Amino acid sequence: MGKMVTCSLRDTTGCRTRSKVRLADIPKILQSFEREAAALMKETGADHVLYGCKIYDADDSLVAVQLYNEPMDDETFDRVTGKARGVLIYALHNRRK
């Protein structure tokens with residue numbers, strides 16, 4: 001079955017759903033969220049759309065994946081991601097400026 005990792009779907013109010021997913025399925029899931037993020041960016045004109053975050057422990061082992069589709073301005077994106085440690089952020093950035 002392979003290694004399982006906690007995966008949560010989150011929004012600005014917190015965690016909406018949580019489940020376990022196979023490690024091998026994470027790239028497909030992130031690709032799907034990236035496509036949704038691109039459509040959301042086009043629709044909203046947001047500066048950034050945060051769509052995922054991989055969280056690693058002190059041994060650099062993946063312990064959780066958080067999924068989003070949150071349009072953000074520069075200030076919000078910097079506040080949300082600026083102090084993150086031990087994470088890999090997945091986001092699209094609008095280069096219209």
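## Close-up views of a predicted model

View 1. Opposite Leu-50 stands Glu-70, a residue of strand 4. This is a predicted model, in which local features need pLDDT of at least 70 and side-chain atom pairs count only at pLDDT 80 or more, while totals for chains, interfaces and linings use all residues. Residues are numbered from 1 along each chain as its sequence is written, and side-chain values use heavy atoms, with hydrogens and water left out. Strand 3 and strand 4 run antiparallel and are joined by eight bridges; strands here are DSSP runs (E, at least two residues; helices are H or I, at least four), numbered from the N terminus, and two of them pair if DSSP finds at least two bridges between them. On strand 4 we also meet strand 1 (residues 4-11), which runs parallel to strand 4 and is joined to it by four bridges. Here Ser-8 faces Gln-66 of strand 4. Strand 4 (residues 62-72) is mostly covered, with nine of its eleven residues buried (under 20% relative accessible area; exposed is over 50%, partly exposed in between, with a 1.4 Å probe and protein chains only).

**View 2. The loop with Asp-60.** Look now at the loop between strand 3 and strand 4, where Asp-60 is found. The hairpin of these strands has five residues between them. Asp-60 has a phi near 65°, a positive value in a residue other than glycine. Asp-60 is exposed, with a relative accessible area of 63%.

**View 3. The tyrosine pair.** How many aromatic pairs does the structure hold? There is one, and Tyr-51 and Tyr-90 form it: their ring centres are 6.0 Å apart and the planes make an angle of 55°, a tilted arrangement. Rings of Phe, Tyr and Trp (its six-membered ring) pair if their centres lie within 6.5 Å, and planes under 30 degrees apart are stacked, over 60 edge-to-face and the rest tilted. Because Tyr-51 lies in strand 3 (residues 48-56) and Tyr-90 in strand 5 (residues 87-93), the pair ties together parts that are 39 residues apart in sequence. Both Tyr-51 and Tyr-90 are buried.

**View 4. Two faces of helix 1.** The buried residues of helix 1 are Ile-26, Leu-30, Phe-33, Ala-37, Leu-40 and Met-41. Seen down the helix axis, these buried residues fall within an arc of 100°, so they line one face; the arc is that of the directions from the axis to the C-beta atoms. Lys-28, Arg-35, Lys-42 and Glu-43 are exposed on the other side. Just after helix 1 comes Gly-45, with a positive phi of about 70°.

View 5. Ala-37 belongs to helix 1 and counts as buried at 0% relative accessibility. Apart from neighbours within four places in sequence, Ala-37 is in contact (heavy atoms within 4.5 Å) with Val-49, Tyr-51, Asn-69 and Leu-92.

**View 6. Cysteines without a bond.** The count of disulfides is zero, a disulfide being a pair of cysteine sulfur atoms within 2.5 Å. The sulfur of Cys-53 is 11 Å from the closest cysteine sulfur, that of Cys-7, which is too far for a bond. Cys-7 is buried, at 8% relative accessible area, and Cys-53 is buried at 7%.
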